[in-house]
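Thanks for coming. Please have the viewer open.

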Amino acid sequence: MDKESAVAAAAPRTPMQVMMGSVSGEELEGNGGVLRSAETLLRLVPIALCVSALVLMLKNSQQNDYGSVDYTDLGAFRYLVHANGICAGYSLLSAAIIVAMPSPSTMPRAWTFFLLDQVLTYIILAAGAVSMEVLYLAENGDPATTWSSACGSFGRFCHKATASIAITFVAVLCYVVLSLISSYKLFSKYDAPVVRSPTTGIHVAAFNG
């Protein structure tokens, strides 16, 4: 028994064991509080960003001697409005859940936040990307299809669209960081793989020829 204990004590420790052994419980608890505060902030900030981008695009229309244009004329801008509305609602709901239940996250709750954060990140990213493409065509046109630039005639419309898309991409950055946090909180619940000591015998399967 003493020999086994001595061997276990003499066995080299893995980097993960050294790192975890050097961190006290109080430090982990403090880091968890900081992480929870950062997560709450990152869920609250996109509410203001998404609502601002949504309202700015909803009021985006222009009429002059060349005609009239409205955000509803472009499917990409309509999608941007809907995506920002969905993300604002999700951010508000998820922040309320975290504030109402500050206790350590359970495994089902961690998986739920992880999956939803990933889905919402891709939704808002797709909305910003497709809207940026449409805005690029409106700014530069497409000579191959004889599509002339529209922003020369509807400058105010393009400026508001640019502002709305820029705000949307700031919200995308918040969701990307939020996705990283939710990923860390989920996968940190799983134990690290066990690394066997070099002193332990390695069993090799033998097959009869």
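This is a predicted model: local features need pLDDT of at least 70, side-chain atom pairs count only at pLDDT 80 or more; totals for chains, interfaces and linings use all residues.

Next, residues 113-138: here the end C-alpha atoms lie 37 Å apart, and the span is 100% helix with 0% strand. Both spans come from the UniProt record, an unreviewed entry, which lists residues 41-59, 79-101, 113-138 and 163-181 under "transmembrane region".

Now the packing of helix 4, residues 75-100, against helix 6. Their axes are 11 Å apart, at an angle of about 35°, and the crossing is left-handed. Which residues meet there? From helix 4 we have Phe 77, Leu 80, Asn 84, Cys 87, Tyr 90 and Ser 91. Helix 6 brings Phe 157, Ala 161, Ser 164, Ile 165, Thr 168 and Tyr 175. Sorted by class, this contact holds eight nonpolar residues, four polar ones and no charged ones.

That leaves the second largest pocket, with about 160 Å³ of space. Helix 5, residues 107-140, and helix 6, residues 155-187, are the elements that each give two or more residues to its lining. How many residues line this pocket? There are 12, and those nearest the centre are Val 69, Leu 74, Ala 138, Ala 150 and Phe 157.

What is the make-up of the lining, by class? The second largest pocket has 12 nonpolar lining residues, no polar and no charged.

That is what I have; over to you.

Key:
Residues are numbered from 1 along each chain as its sequence is written. Side-chain values use heavy atoms; hydrogens and water are left out. UniProt positions are given in the numbering used here, feature names are shortened, and annotations may be inferred rather than shown by experiment. Helices (H or I, at least four residues) and strands (E, at least two) are DSSP runs, numbered from the N terminus. On a 1 Å grid over the protein atoms alone, a cavity is a set of points where a 1.4 Å probe fits but cannot get out, and a pocket is an open set with protein on both sides within 12 Å along at least five of seven lines; lining residues have an atom within 4 Å of a point. Grid points are joined across faces, edges and corners, and a volume is the space filled by probe spheres set on the points. Ala, Val, Leu, Ile, Met, Phe, Trp, Tyr, Cys and Pro count as nonpolar, Asp, Glu, Lys and Arg as charged, and the others, Gly among them, as polar. Axes are lines fitted to C-alpha atoms, for helices over the stretch in contact, and angles run from 0 to 180 degrees between N-to-C directions. A crossing is left-handed if the near helix is turned anticlockwise from the far one by less than a right angle, and right-handed if clockwise. Contact means heavy atoms within 4.5 Å.
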